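Good morning, and thank you for coming. Please look at the sequence and the model on the screen while I describe them.

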There are 2 protein chains.
Amino acid sequence: VPVPSARQRIVNSAARLFLSRSFQAVGVDELCRAADVRKGSFYHYFPSKSDLAKAVIDANLQALENRWRTAPAGDGLTHLRWMVDQLAVIQVEFETKFGRVVGCPFGNLAVELATADDPVRVHVASAFTTIEAQLAVAVERAVAEGELRTGTDPHQMAHALLAQFQGLTLLAKVCATPADRIGPALGAFIDQQVHSGSEADDA
Amino acid sequence: VPVPSARQRIVNSAARLFLSRSFQAVGVDELCRAADVRKGSFYHYFPSKSDLAKAVIDANLQALENRWRTAPAGDGLTHLRWMVDQLAVIQVEFETKFGRVVGCPFGNLAVELATADDPVRVHVASAFTTIEAQLAVAVERAVAEGELRTGTDPHQMAHALLAQFQGLTLLAKVCATPADRIGPALGAFIDQQVHSGSEADDA
C-alpha cells in the first residue's frame with residue numbers, strides 16, 4: 001500500500017472533517033494535526049482554505065465517477081436506477097462511518113459557501129453540471145429504449161433527480177432519519193417517470 | 001408604524017445577514033452594528049449565536065405560516081399548488097432583494113449547522129416537520145377529492161415535495177440559475193402525481 005503524500009493526507013482529512021462538522025467549523029491548525037503536516041506544508045499546497053475546498057470537491061467527484069464506472073451491464077433504466085442508488089449508498093456508507101447522516105459533500109459545500117466564496121461556488125456548480133450530465137445520458141438512453149414516459153426531457157429529469165437526492169439528503173441530515181430511506185424514495189421518484197404500457201401518453 | 005424592539009432588530013438583521021452570507025460568516029460585532037444595539041443588549045436577548053439562529057428559524061416559520069394563511073379559496077389540488085408555489089415566490093423575492101438566489105432560510109441553517117450544533121438541528125427539524133405536515137394536509141385533501149393518483153401517500157408526497165423544493169433551491173443557489181425556474185419545476189413535479197382519468201391505476 002503506497003503511503004499517501006502530504007497533499008493527499010490533507011485532502012483526505014479535510015474531506016472527513018468538513019463532512020463530520022462543516023467547512024467553517026474546521027480550522028487550519030486542526031487540519032494540520034489530522035493530516036500530520038506542518039502549517040508551512042499546508043500553505044504550500046493550499047494557499048487558502050478555499051483552495052482546499054476545491055481539492056476536496058475534485059476528490060469527491062473523482063470518487064463518484066470511479067464508482068459510476070463500475071456499473072454492471074444492463075438496459076438504460078436499470079443503469080439509471082443503479083447510478084441514482086449509488087448516491088444513496090454513499091450516504092449509507094457515510095452514516096456507518098460517521099454514526100449519523102452527514103449530507104452530500106457537494107451539497108454541503110454548495111450551501112455553506114455559495115454566498116460566501118464565489119470561486120468555490122463556481123467549482124461546486126461545475127461538479128454538479130458534470131454529475132447532472134452523466135445522469136442525463138442514462139435518462140436519454142432509457143427514453144430511447146422506451147422505458148420512460150414519452151416526452152421525458154433528459155436534462156430536466158436529471159436535474160429533478162439530482163434535486164430530489166439533494167433535498168432528501170438535506171432532510172435526512174437535519175431530521176436525523178436513517179440514510180437507507182433515501183434509496184427507496186429515489187426509486188419511487190424514478191417510478192413516476194416509468195412508461196407503463198397501459199397509460200395514456202398525452203405528451 | 002411601531003418602532004421595532006431591539007430584539008426584533010437583531011432578529012431581522014440576522015435573518016438578512018445569515019441569508020446573504022452564512023451563519024458562521026457573520027459575527028456578533030457585525031450583527032450589533034446592523035441592528036444598532038450594544039453587545040450587552042445582544043447577549044441579554046441571545047446568550048449565544050445558536051439562540052439567535054433558533055429565533056431566526058421561528059421568525060421565518062411564522063412568516064411562512066402567515067403567508068400560507070392568505071391562501072385563496074379553491075379545491076385541494078389548487079391549494080397544494082399555491083402553497084408550493086409560494087415557497088418558490090419567496091425565492092424570487094429574495095433574489096430581488098439580495099441580487100442573487102440565496103437559498104432557503106431553513107435549508108441553509110439545516111445544512112450548515114446540523115452536524116455542528118445539535119440544538120439548532122433539532123429546531124430546524126421541528127420547523128421542517130411543521131411545514132411538511134401542512135403540505136400533507138393539502139395533499140390529503142387533493143387525494144380525497146380524487147385529484148391525485150390513487151394510492152398517493154400524503155406524508156410521502158409532502159416529504160418528496162419539500163425535498164424537491166430544497167434540492168431545486170440548493171442547485172439554483174450554487175449554479176446561479178434564475179429563481180423563477182423553481183416554481184415551474186415544482187409544478188411539473190406535482191403534475192406527475194395528478195390523476196388523469198385515462199390512466200391505469202395499478203396502485
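**The interface and a pocket**

Let me begin with the interface: 43 residues of chain A are in contact with 43 residues of chain B, where contact means heavy atoms within 4.5 Å. This is a predicted model, in which local features need pLDDT of at least 70, side-chain atom pairs count only at pLDDT 80 or more, and totals for chains, interfaces and linings use all residues. Residues are numbered from 1 along each chain as its sequence is written, chains are lettered from A and ligands numbered from 1 in the order in which they are written, and side-chain values use heavy atoms, with hydrogens and water left out.

The size of an interface is often given as the accessible area lost when the parts come together. Here, chains A and B bury about 3,500 Å² between them, 65% of it on carbon and sulfur atoms; buried area is the accessible area (1.4 Å probe) that two parts lose on being put together, summed over both. A:Val111, A:Thr115 and A:Val174 supply 18% of the area that chain A buries against chain B, more than any other three residues.

How many salt bridges does the rule find across this interface? It finds zero, a salt bridge being a side-chain nitrogen of Lys or Arg within 4 Å of a carboxyl oxygen of Asp or Glu.

Which element gives the largest share of the side of chain A that touches chain B? The answer is α8(A), with 14 residues. By class, that side of chain A divides into 20 nonpolar, 14 polar and nine charged residues. Ala, Val, Leu, Ile, Met, Phe, Trp, Tyr, Cys and Pro count as nonpolar, Asp, Glu, Lys and Arg as charged, and the others, Gly among them, as polar.

As for the chain itself, chain A has nine helices and zero strands. Helices (H or I, at least four residues) and strands (E, at least two) are DSSP runs, numbered from the N terminus. The C-alpha trace of chain A spans about 65 × 40 × 30 Å along its principal axes.

A pocket is an open set of points on a 1 Å grid over the protein atoms alone, where a 1.4 Å probe fits, with protein on both sides within 12 Å along at least five of seven lines; lining residues have an atom within 4 Å of a point. Of its 27 lining residues, the closest to the centre are A:Asn60, A:Ala63, A:Ile90, A:Phe94 and A:Pro105. The largest share of the lining, seven residues, comes from α5(A), and the lining has 18 nonpolar, five polar and four charged residues.
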